[in-house]
Structures are given as structure tokens and as C-alpha cells.
Amino acid sequence: MSPIFTPCQIGPVELRNRTIRSAAFENMCKKNNPTQMLFDYHTAVAVGGIGMTTIAYAAVNKSGISFDGQLYMREEVVPELKKLTDAIHKEGAKVSIQLGHCGNMTHWYTCGQIPVGASSGINIYSPTIVRALKEDEILALVCDFGNAVKLAKKAGFDCVEIHAGHGYLISQFLSPYTNKRKDRFGGSLENRMIFMKMVMEEVMKAAGDDMAVVVKTNMYDGFKGGLTMDECLTVAKELEKTGAHALVLTAGFVSKAPMEILRGAMPLKTLTYYMNTLRFWWLKIGISIIGRWMIPTVPYEEAYFLEPAKIFRKELKIPLIYVGGMISKSKMEEVLKEGFVAFQLARPLIHNTYFINSLKNGDVEKSECKHSNYCIGRMYSVEMKCHHCVEKMPKKLRKEVEKNEKRWM
């Protein structure tokens, strides 16, 4: 049997195989509440053979949400989440939830207040004015992370994934690009890691002995002035000391180097087509004019994070989960042979929720996803969906899909 389909252990949790649906944003939570659509998608992925599926972008409180269709943790959502985790368990899969806070990547009309971050300033990618968190607010946020873990446990989740990468709040504290503080949370890397370590102490306490904790962390920020690979390795070693059960290795910064995370081209016509015209007319115009400069293309290739991830594998003892460009059986097996305990994937499971079983049964050797990134272009405004599931797509979007598919295949 391929090593892909052998069981693996992440902390106290055993997965039936080494596949994990990564925390790609679904945009399936109406007014920040779970929906039938969210239930149907993740149970379909479980039926399709995944080892563990991850509910994405759950904020630890309301100030941490970026989108109207995003979940945030509070007592009232627990019953519906419990129905979801029970259904996933019934299909033999485990289930995780990604917990984090968006920091400066939101708007007052989404989160209900002036966006907060490690430092004051302007996020030109939103764009929005940002207010620096006060120390008492930082301490309250640490508690919010712990409370969110407790709610996740109550809702039946096997695992939590703490988001400490991609320029979200923990990452904003870590990166010198977004952290200009003069107090104990700013300055040296040691100081910039204090918030992360406080969060992890609270998270590990809340998780206890029967819940797995993984952390998504950057290997580099991907631009001048951000965290370097050496600095990110120091961060990873600190996370190892916190008792986390595994790290998910990633890279990139949503507000500065977004396509470093995703690879390929952002489908700008798709992105602007689905935007709310009344709320974002000015942003649609801006993207149409300078979008390619704001969101530059980064070439796509299979397993695009593997080489830097191998460096981290040599330096760390903690189990590592690979993510980035997992589309073929041969490359998945290569990743596992390099010493990664499991791997994450999303776009192949947006294209086909049954992909894992298709691999296992020998029906396919590779995903049919051709990396047009249509699903990414629309998921910030409407529910995540692959273009082949969309009827009556506008001609201009169909052309964009075809152009991008030819480019990366």
C-alpha cells in the first residue's frame, strides 16, 4: 500500500491516512454562522476519503473576522458545529478547525470596530486605518484564543490549527514589517514572539491531553522587510518548545505577497466580478487599473514549498505537515519519504471532493485541477466553488479560466 494511505499520529489523534484538507477559506458561513452548505462540503470531503478535514478561518472573536461569510467562535455556534463534527466522524475522518485573528485585514463594517493590529497604520490592501492593540487588549486576546479552543473541544473537534502565518495577527506581531511597537511586544525577534508564546501557552492548556494542536507558521514572509528564513526557523523552534503536536509549513503574506502562498495568477476579472459593487466599487476600479501590480503572479509548480520545507525538516524534531502544490500521487509519496508526517491540500478537493478515494482506488494518479485559481478569485465574495461546478459563467470569466489553465499546465 502507498504510504499515503497508512495511518499516522498527530499528538493524541490518529488519522486513517496522511491526507488533510487544508484550511482554505470556504466563505460558507451566513452572518458568521455555520450553514448547510458548509456541512455538505466537509462531509463530502470526509466521504471522499480524507484523513482529516479542516474548517477554515474561524476567528477567535468578532474583531478578528475579515468576511461576512466567515465563522467566529462563540457559544451559540457550538450546537451546529457539533452536528458537523459528528457527521464527519461518522464517515471515518477526523476534523480540525483553524483558529486565528485577522488583525489589520478587515474593515469596521465587517468586524464592528476600527481594525486592530500589532501597530497603528494603514493597510493599503484593504485599504483601512489600523489601530495598535493596547496591552490589556493583547492579554484579552490571549484568553480569547484559549476560549475558542475550549469551544472547539465542546463542539467535537479532534484538532485545532492555530494560524501564525500569512500576515494574520500572530504573524503581524512576528514580522518587523507590521510590528513597530516600542513596548515589550516589539523590537527584537524575542520580543515579537511574546504574543505567540502567550497564545500557545493558553491554547495548550485549553486543549488538554485529548486534542491535537498544530500551528501554521511561515518559512519566510516573501518580501524585503519581512521575516527571513533564518528568523522563521527561530520561530518554529520556539513553537516546538511550546508543546505543539505538529507544524504546518507555509510562506507568504496576504497583504504584501499573497500569491507566494497560492502560486499562479490571481484571476482579476473573477475577483472583481463577484465583489459587492455598492460596498467595493472603488476597490474594483483600483484592481482593474493596478491589480497586476498589487497582486503579482508567482509561477506555479508542483510541491512548490518542498525545498525550503526540507531545510526545516532537518532542523526540527517536531512532526511537520507539508502544504503547497499537492496534486499527484508521486509527489505526495516523495513528500512523505522526506519525513513529513502528513500533507495538506485544498484545490484538488474543491475540484473533486472524492479525490482521495480516487487516488486510493487507482482511478487517477493526479488531480484534474489545472490551477486557474478561479476558486480563489471568487471565495472572498461568494462561496468557494470550482469553475466546472458553475453554470452559465460569464464569457469573460470562462476565457480567463482557459487562459490561466493553459499557462500552468
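Glu260 is buried, with a relative accessible area of 13%; here buried means under 20% relative accessible area, exposed means over 50%, and partly exposed lies in between (1.4 Å probe, protein chains only). The structure is a predicted model, in which local features need pLDDT of at least 70 and side-chain atom pairs count only at pLDDT 80 or more, while totals for chains, interfaces and linings use all residues. Residues are numbered from 1 along each chain as its sequence is written, and side-chain values use heavy atoms, with hydrogens and water left out.

In total, the structure holds 21 salt bridges. Another of them joins the side chains of Glu238 and Lys197, at 3.8 Å, N to O. This pair links distant parts of the chain, since Glu238 sits in helix α8 (residues 229-241) and Lys197 in helix α7 (residues 194-207), 41 residues apart. Helices (H or I, at least four residues) and strands (E, at least two) are DSSP runs, numbered from the N terminus. Glu238 is buried at 14% relative accessibility, whereas Lys197, at 25%, is partly exposed. Both residues belong to a network of salt bridges that also links Glu190 and Lys241. A further bridge, of 3.5 Å from N to O, brings together the side chains of Glu383 and Lys385, and Lys385 is partly exposed at 28% relative accessibility.

The strands come next. Eight of them close into a barrel with parallel pairing, in the order β3-β6-β7-β11-β12-β13-β14-β15; two strands pair if DSSP finds at least two bridges between them. On average, neighbouring strands of this sheet are turned by 25 degrees against each other, direction ignored. Axes are lines fitted to C-alpha atoms, for helices over the stretch in contact, and angles run from 0 to 180 degrees between N-to-C directions. Leu99 has Ile162 of β11 as its bridge partner. Helix α4 (residues 135-154) packs on the sheet and touches both β7 and β11, its direction making about 160 degrees with that of β7; contact means heavy atoms within 4.5 Å.

Not counting residues up to four places away in sequence, the contacts of Met73 include Ala58, Val60, Leu81, Ile97, Leu99 and Leu151.

Finally, the cysteines. The structure holds zero disulfides, a disulfide being a pair of cysteine sulfur atoms within 2.5 Å. For Cys8, the nearest cysteine sulfur is that of Cys159, 11 Å away. Cys8 is buried at 4% relative accessibility. The sulfur of Cys143 is too far for a bond because the closest cysteine sulfur, in Cys102, is 19 Å away.

Methods
A salt bridge is a side-chain nitrogen of Lys or Arg within 4 Å of a carboxyl oxygen of Asp or Glu.
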